[in-house]
Amino acid sequence: MARNTTASTLIRVGFLVRLQRDFKKNKYKYLIVLPVVIFFLIFKYKPMYGAIIAFKDFRPSLGILDSPWVGFKHLRSFFTDIYFTRLLRNTVTISMLNIIFAFPAPIIFALLLNEIRKDKFKRTVQTVTYLPHFISLVIICGLIKSFSTSNGVFNDI
């Protein structure tokens, strides 16, 4: 028994020595990887802490950790709800329609724009179609509202 303890201690010490030697040898590689590791810890693993709310009877006054643990109670009630099949069907339908129509639309539009010979018209169409991505939705809604008033541009035309 004492021999197993000594062997495991030697293995552990050997591992730590090799790890220390590797870190000294490759310290700049570890420094390059450090921002990526920090990014994943902050933006990928830290939010998973909040996923335990599904297994707790969450009360904001108690916080996540102090709320009572209920296990699979909420998940069971969700999967046995009468609206579950409708929710699942709607979600799958919307996702499939998005894949069928919304995914290829910009690709087809880009291919069609590529076939236009008039550069001025092509650039104008590109600018008009990309404009909503750069201008805030609030500004666009304000412009539409002001254009469609009784003395706006739309009514003047």
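Guide: The expected span of a helix is 1.5 Å times one less than its number of residues. Please keep in mind that this is a predicted model.

Visitor: How do you know that the span of α7 agrees with its number of residues?

Guide: Helix α7 has 16 residues, so at 1.5 Å a residue it should span 22 Å. Its end C-alpha atoms are 22 Å apart, and therefore the two values agree.

Visitor: Where does α7 bend, and which proline follows?

Guide: The bend is at V128 and amounts to about 25°.

Visitor: What lines the largest pocket?

Guide: Its lining consists of P106, F109, A110, L113, N114, K122, Q126, T129, Y130 and H133. Two elements, α6 (104-114) and α7 (119-134), each give two or more residues to this lining. By kind, the lining residues are 5 nonpolar, 4 polar and 1 charged. The volume of this pocket is about 190 Å³.

Visitor: Why is the aromatic pair of F39 and F40 called edge-to-face?

Guide: Planes over 60 degrees apart count as edge-to-face, and ring centres must lie within 6.5 Å to pair. For F39 and F40 the values are 85° between the planes and 5.5 Å centre to centre. The whole structure has 8 aromatic pairs.

Visitor: Why is F39 called partly exposed?

Guide: Buried means under 20% relative accessible area and exposed means over 50%, with partly exposed in between. F39 has 39%, so it is partly exposed. F40 has a relative accessible area of 39% and is therefore also partly exposed.

Visitor: What makes K145 exposed?

Guide: Its relative accessible area is 63%, and the cut-off for exposed is over 50%. K145 is therefore called exposed. This residue is found in helix α8 (residues 137-147).

Note on methods
Residues numbered from 1 in each chain as written. Predicted model: local features only at pLDDT ≥ 70, side-chain atom pairs only at ≥ 80, totals over all residues. Heavy atoms only, no water. 1 Å grid on protein atoms, 1.4 Å probe; cavity = no way out; pocket = protein on both sides within 12 Å on 5 of 7 lines; lining within 4 Å. Points joined across faces, edges and corners; volume = space filled by probe spheres on them. Helix = DSSP H or I, 4+ residues; strand = E, 2+ residues; numbered from the N terminus. Nonpolar A, V, L, I, M, F, W, Y, C, P; charged D, E, K, R; others polar. Bend = angle between axes of the 7 residues up to and from the residue. Phe/Tyr/Trp six-rings, centres within 6.5 Å; stacked < 30°, edge-to-face > 60°. Buried < 20%, exposed > 50% of the residue type's maximum accessible area, 1.4 Å probe, protein only.
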